[in-house]
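User: I have a structure to get through today. Can we go over it together?
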Amino acid sequence: RIISPVTELVKEVAELNPEEEPIPLAEHFPWVEIRELAADFDNYIARLHDFIERERLFTGDVSHELRTPLAILDGAANLILNDKSIDEKLHKRVSRIARASVDMSRIVAALLALAREKGDVYQRTIHCDCRTVIEEEINRYKAIFHHKSLDVQLEITAIPDLAIDQAILSMVFGNLLRNAFSYTEEGSITIIIDENSICVEDTGCGLDPKSIEKLTRPYVRTPDSSGTGLGLSLVWRLCERYGWTLILENRQQGGTRAKVVFKAQTQQSD
């Protein structure tokens with residue numbers, strides 16, 4: 001008789017869903033102590049529900065507000081590309097703007113997908129053209145870091161079969177590749193692809209062994225970094241979301257190795 005009200009409260013709390021409109025629990029319990037405890041749960045669930053609603057509204061607003069300027073940017077770029085009077089040099093530059101606009105639209109959609117519940121991840125069957133994504137990202141960062149004389153090598157033994165939006169792989173691989181270009185002043189960058197993983201190796205400065213585990217936290221940067229400290233954090237969250245494994249380590253020969261293993265994703269798809 002003494003513990004039954006507590007047991008009942010535990011059962012009621014376990015059945016609560018923060019995404020649904022909160023149902024007050026305190027009024028169901030006449031015992032003063034249990035009522036106070038239930039009231040605390042009511043306050044917590046109400047705050048959690050409000051937080052989720054604000055996040056939903058925010059992601060919806062982001063989607064709505066960004067799509068219009070991105071559509072305008074894409075339309076303007078295509079109008080310029082269709083102008084026969086522009087020279088080849090300008091055409092190439094505008095083409096890059098047009099591709100960036102498309103990439104931004106895909107990234108917005110992918111980030112909104114990341115904000116959804118994990119149960120939504122595998123609901124759609126999507127085939128990712130991994131080879132195209134990898135080659136596009138390599139060409140992108142070669143152009144951005146054209147001032148560096150780096151030997152970029154691509155070794156492919158097999159292509160991963162991933163059921164994800166291409167923007168997801170683009171964000172994961174692109175962030176790892178950008179880091180490799182950023183922290184390698186000379187030498188080479190090697191991208192190794194097999195049926196179950198993507199590995200980016202460089203001959204750069206390497207990582208501080210004491211800070212490797214912290215680098216996947218938001219806003220954590222190495223002392224010589226000029227970035228925001230969000231790239232690896234985003235990669236880590238995407239890998240966690242899709243059941244992948246991110247491995248960061250120093251190479252024995254010097255430099256860094258960043259590897260994403262897709263084993264859990266492959267098993268999920270099977």
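User: Which backbone oxygen lies 2.8 Å from a polar atom of the side chain of Arg251?
Analyst: The backbone oxygen of Gly254. A polar contact is a pair of N or O atoms within 3.5 Å; within protein, one must be able to donate a hydrogen and the other to accept it, and residues adjacent in sequence count only if both atoms are side-chain atoms. Before we go on: this is a predicted model, where local features need pLDDT of at least 70, side-chain atom pairs count only at pLDDT 80 or more, and totals for chains, interfaces and linings use all residues. Residues are numbered from 1 along each chain as its sequence is written, and side-chain values use heavy atoms, with hydrogens and water left out.

User: Where is Arg251?
Analyst: Arg251 is in the loop between β4 (245–250) and β5 (256–261). Helices (H or I, at least four residues) and strands (E, at least two) are DSSP runs, numbered from the N terminus.

User: Is Arg251 buried or exposed?
Analyst: Buried, because its relative accessibility is 16%. Buried means under 20% relative accessible area, exposed over 50%, partly exposed in between (1.4 Å probe, protein chains only).

User: And what is Arg251 in contact with, leaving aside neighbours within four places in sequence?
Analyst: Glu201, Asp202, Thr203, Thr256 and Arg257. Contact means heavy atoms within 4.5 Å.

User: New topic. How many residues are in the largest nonpolar core?
Analyst: It has 40 residues. Leu169, Leu177, Ile191 and Trp244 have the most contacts inside it. Helix α5 gives the most to this core, with nine residues. A nonpolar core is a set of buried Ala, Val, Leu, Ile, Met, Phe, Trp, Tyr and Cys residues joined through side-chain atoms within 4.5 Å.

User: How many residues of α5 are buried?
Analyst: 13 of its 17.

User: What span should α5 have?
Analyst: α5 covers residues 166–182, so at 1.5 Å a residue it should span 24 Å. Its end C-alpha atoms are 23 Å apart, which agrees. The expected span is 1.5 Å times one less than the number of residues.

User: What about Val152: where is it found?
Analyst: In strand β1. Val152 counts as buried because its relative accessibility is 18%. Beyond four places in sequence, its contacts include Ile138 and Phe181. Val152 and Phe181 are 29 residues apart in sequence and 9.6 Å apart in space, C-alpha to C-alpha.

User: Last one. Where is confidence lowest in the protein chain?
Analyst: In helix α7 (residues 263–269), at a mean pLDDT of 48. β3 is highest, at 96. pLDDT is the predictor's confidence in each residue, from 0 to 100. Where pLDDT is low, the predicted coordinates should not be read in detail.
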